[in-house]
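Hello,

Here is the structure I promised to pass on to you. Have a look at it first, and my notes follow below.

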Amino acid sequence: MSKFIHHGEDKKTYVKNMFNDISRRYDLFNTISSFGVDRYWRFSLVRKFNLNQSDYLLDIATGTGDVVFSMYKKFKNRLVGLDIADKMIDLAKLKQVKKGLKDQDISFIQGDGEDLGFSDNSFHGLTISFGFRNLGNYDKGLSEFYRVLKPGGKIAILEFSKPKVGWFIPLFRFYFNRIVPLLGAMLSRKDAFLYLPESVDYFLSREDLSGKMKAIGFKKVEYSDYTFGIATIYTGIKS
Ligand SMILES: C[S@@+](CC[C@H](N)C(=O)[O-])C[C@H]1O[C@@H](n2cnc3c(N)ncnc32)[C@H](O)[C@@H]1O
């Protein structure tokens with residue numbers, strides 16, 4: 001039985017408050033709990049793109065901005081990072097200042113990925129890393145992503161999946177369902193890290209998410225698994 005809400009406005013409110021509360025420990029928790037592999041997953045997401053300096057990319061659910069900073073490092077292009085949790089955005093802005101990166105290249109804004117305040121056809125690329133699962137309404141999110149992308153623009157979604165490699169599944173389940181919540185409880189809000197494994201259990205299968213992307217209109221929809229299928233990157237092109 002589920003302990004958390006996995007759809008709708010109440011989920012969105014819960015998720016926003018939770019990420020605000022854990023914001024200061026978010027980066028540390030990620031590095032410890034994933035043994036640093038999270039960086040490799042985000043690096044793989046960046047590698048799905050080939051951008052020019054003038055290209056404009058939107059990173060939804062940007063958190064503390066790591067995808068934005070990696071993209072900028074590689075392409076020196078213009079970027080916007082958007083997140084519903086204002087405290088995550090504050091931390092992203094702080095990192096930007098520390099890195100000495102200019103506001104004309106990178107901006108971080110608070111906002112809802114399901115209701116984007118951008119005009120149609122604004123961006124050459126759109127990313128969302130470990131944020132899609134947290135949306136209240138996946139179809140609403142996907143149609144907004146499609147709307148703000150330019151024709152020919154690329155979307156890439158990095159998200160947790162249920163691993164497929166047989167011998168690895170019980171190990172992963174033990175680690176994710178037992179050890180990760182313990183680590184989380186030590187670092188911040190206990191419920192936040194019970195939410196994490198449950199949200200992955202309730203998340204779409206690879207086929208269902210690819211199907212939704214196709215139904216919204218994305219073409220060339222593909223996905224690839226990483227690290228025994230713990231993480232998956234989905235890509236598609238706006239036709
Ligand atoms: C697990 S974090 C991922 C952060 C970052 N992308 C990363 O890879 O580390 C999920 C983020 O999604 C954000 N989020 C959840 N729902 C959102 C929504 N509807 N719109 C925008 N951001 C949202 C949360 O506030 C949180 O910062």
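Which helices do the buried residues of α6 pack against? They pack against α1 and α7 (192–201). Please keep in mind that this is a predicted model.

Let me stay with α6 for a moment. This helix covers residues 168–187, 20 residues in all, and reaches 26 Å from its first C-alpha to its last, close to the 28 Å expected at 1.5 Å a residue. There is a bend of about 30° at Ile 179, and a proline, Pro 181, follows within four residues. Pro 181 is also one of the buried residues of α6, together with Phe 176 and Gly 184.

Next, the ligand. It has 23 residues around it, and those that come nearest are Ala 61, Gly 63, Ala 85, Gly 113 and Ser 129. Sorted by class, the shell around the ligand holds 10 nonpolar, six polar and seven charged residues. Both α1 (8–33) and α3 (66–75) supply at least two residues of this shell, and α1 gives the most, with four.

Helix α3 has a list of buried residues: Asp 66, Val 67, Val 68, Phe 69, Met 71 and Tyr 72. Their cover includes the helices α2 (37–46) and α4, along with the strands β1 (56–60), β2 (78–83), β3 (106–110) and β4 (123–129). After α3 comes Lys 76, with a positive phi near 55°.

Leaving aside residues up to four places away in sequence, Lys 95 touches Thr 64, Gly 65 and Phe 69. From Lys 95 to Ser 107 it is 12 residues in sequence and 12 Å in space, C-alpha to C-alpha.

Finally, two phenylalanines are worth a look on your screen. Phe 35 has a positive phi of about 55° although it is not a glycine, and its place is in the loop between α1 and α2. Phe 130, in the loop between β4 and α5 (138–148), has a positive phi near 55° too. Are they buried or exposed? Phe 35 is exposed, because 7 other C-beta atoms lie within 10 Å, whereas Phe 130 counts as buried because it has 20 C-beta neighbours inside 10 Å.

Best wishes

Technical notes:
Residues are numbered from 1 along each chain as its sequence is written. This is a predicted model: local features need pLDDT of at least 70, side-chain atom pairs count only at pLDDT 80 or more; totals for chains, interfaces and linings use all residues. A residue is near a molecule or strand if its C-beta atom, placed from the backbone, lies within 6 Å of it. Ala, Val, Leu, Ile, Met, Phe, Trp, Tyr, Cys and Pro count as nonpolar, Asp, Glu, Lys and Arg as charged, and the others, Gly among them, as polar. The expected span of a helix is 1.5 Å times one less than its number of residues. The bend at a residue is the angle between axes fitted to the seven residues ending there and the seven starting there. A residue is buried if 20 or more other C-beta atoms lie within 10 Å of its own, exposed if 12 or fewer, and partly exposed in between; C-beta atoms are placed from the backbone. Two residues are in contact if their C-beta atoms, placed from the backbone, lie within 7 Å.
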